Amino acid sequence: QLQASGGGLVQAGGSLRLSCVASGSIFSINVMAWYRQAPGKQRELVASITSGGSTDYADSVKGRFTISRDNAKNTVYLQMNSLKPGDTAVYYCYLVTTPMTPYWGQGTQVTVSS
């Protein structure tokens with residue numbers, strides 16, 4: 001019900017834009033977010049955005065990544081600039097509705113080469 005796209009291979013310093021569309025059967029979306037999981041590491045929150053547009057970022061991506069959403073399209077975006085090899089991971093979109101029902105996307109691979 002969540003379809004993520006936009007991952008790929010990029011050189012360090014490059015940019016990628018991830019997109020995640022929630023199906024039309026999901027209503028009352030509250031928070032939308034991006035998580036990532038690198039090999040051998042726990043899944044971590046990268047960025048989140050509320051229905052009102054308030055955002056929050058992991059310290060490691062502040063100033064480089066920007067999360068945004070289009071409520072009319074049930075879509076969340078993650079613009080990633082100045083990418084580093086340490087950003088290499090599978091990126092997952094996530095949302096929670098009101099009341100609290102969570103949904104996860106299938107993940108998209110981001111690989112940053114040095």
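This report describes a sheet and a group of aromatic residues in a predicted model.

**The sheet**

Four strands make up an open sheet in the order β1-β3-β8-β7, and their pairing is antiparallel. At its edges lie β1 (2-5) and β7 (65-70), each of which pairs on one side only, and from one strand to the next the twist averages 15°. Strands of a sheet pair through backbone hydrogen bonds, in either the parallel or the antiparallel sense. Here, strand β3 (residues 16-22) and strand β8 (residues 75-80) are joined in the antiparallel sense over six bridges, and valine 21 has threonine 75 in β8 as its bridge partner.

**The aromatic residues**

The structure holds three aromatic pairs, two of which are set out in the table below.

| Aromatic pair | Centre to centre | Angle between the planes | Arrangement |
|---|---|---|---|
| Tyrosine 35 and tyrosine 94 | 5.6 Å | 75° | edge-to-face |
| Tyrosine 94 and tryptophan 104 | 4.7 Å | 50° | tilted |

The pair of tyrosine 35, in strand β4 (residues 29-37), and tyrosine 94, in strand β9 (residues 89-97), links distant parts of the chain, 59 residues apart. Because tyrosine 94 lies in strand β9 and tryptophan 104 in strand β10 (residues 102-104), their pair ties together parts that are ten residues apart in sequence. Tyr35, Tyr94 and Trp104 form one aromatic cluster.

**A charge over the rings**

Arginine 43 lies over the face of tryptophan 104, at 4.7 Å from the ring centre, and the charged end of arginine 43 also sits over the ring of tyrosine 92, 3.7 Å from its centre.

Terms used:
Residues are numbered from 1 along each chain as its sequence is written. This is a predicted model: local features need pLDDT of at least 70, side-chain atom pairs count only at pLDDT 80 or more; totals for chains, interfaces and linings use all residues. Side-chain values use heavy atoms; hydrogens and water are left out. Two strands pair if DSSP finds at least two bridges between them. Helices (H or I, at least four residues) and strands (E, at least two) are DSSP runs, numbered from the N terminus. Axes are lines fitted to C-alpha atoms, for helices over the stretch in contact, and angles run from 0 to 180 degrees between N-to-C directions. Rings of Phe, Tyr and Trp (its six-membered ring) pair if their centres lie within 6.5 Å; planes under 30 degrees apart count as stacked, over 60 as edge-to-face and the rest as tilted. A charge sits over a ring if NZ of Lys or CZ of Arg is within 6 Å of the ring centre and within 35 degrees of the ring normal.
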